[in-house]
Amino acid sequence: MTTPRVFIIRHGETEWSLNGRHTGISDIPLTANGEKRIRATGKALVGPDRLIVPQNLAHIYVSPRKRAQRTLELLGLGCRKPMPWQEHGDVMKAEHSGTDADIEVTKEIREWDYGDYEGVTSPEIRKRREENGEGSWDIWRDGCPGGESPQQITDRLDDLIADIQRRFHTHAIGKPKGSVKEPFDVLVVAHGHILRAFAGRWVKRDIAYNPSLILEAGGVGTLSYEHHNLDEPAILLGGAFMSDIVENVKEEDK
């Protein structure tokens, strides 16, 4: 039976992600190492016999931030439709026939607006709050002063999830394999906090519990359904990879 999937990819490493600085509205480019690792992710996980099959992609959602758009450019998906932005560098060539998926830039999957905490590390935030006589801080519970609340994040992600399911999954799920001619998988390229929240809301979980969900820079996760049922969304643990892990396995096999 057909079970559609959503692949979530966090953008590659930036100087701020290395330093632990909260990066919301700031447009910080990928580091050279970040670009290298995203290229490796594409080679390891994208292809007709790999985790992400380009021909099966129905749609690609991308954050408005350049670091997410650059990540898509380097995955080697072989996008035949133009990217809705001026390319930020060379585009990784595909080693396969590519995808006809539309690429949509949407503010619904932009990173959490950190407001007063933009560019600030978690230890610095805790120190600032202690000096100001404020209580402990948990972004999933408290949100960010001058930025977004957990409820605002929940609302915009719920809208995006409903859009994905309505447009790309409802027609395919539970149908006999081979009977669905249109592609049905979806790719989302965005950021750490928002994708962790997205995964939590996918399984209808209050994002206050989200510290237990981790997605490293350049990491890939897979969301799907249990029992081929649209009402049983699930996180597919076997589909969560990072390219360096895959590459290490290859080295050990030599």
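Gln69 lies in helix α3, which spans residues 66-73, where helices (H or I, at least four residues) and strands (E, at least two) are DSSP runs numbered from the N terminus. The model is a predicted one, in which local features need pLDDT of at least 70 and side-chain atom pairs count only at pLDDT 80 or more, while totals for chains, interfaces and linings use all residues. Residues are numbered from 1 along each chain as its sequence is written, and side-chain values use heavy atoms, with hydrogens and water left out.

Gln69 is buried, with a relative accessible area of 5%; buried means under 20% relative accessible area, exposed over 50% and partly exposed in between, with a 1.4 Å probe and protein chains only. Leaving aside residues up to four places away in sequence, Gln69 touches Val62, Ser63, Pro64, Trp85, His88 and Val105, contact being heavy atoms within 4.5 Å.

The largest has 35 residues, and Val6, Ile8, Ile109, Val188 and Phe198 have the most contacts inside it. At least two residues of this core come from each of β1 (6-10), β2 (57-62), α5 (139-142), α6 (150-169), β4 (185-190), α7 (192-202) and β5 (220-225). A second, separate core of 24 residues includes Trp85, together with Ile9, Leu30 and Leu57.

Phe198, not counting residues up to four places away in sequence, touches Val6, Ile8, Ile109, Leu157, Leu160, Ile161, Ile164 and Leu223. Where α6 meets α7, Phe198 is among the α7 residues in contact, as are Ile194 and Trp202.

Notes
A nonpolar core is a set of buried Ala, Val, Leu, Ile, Met, Phe, Trp, Tyr and Cys residues joined through side-chain atoms within 4.5 Å.
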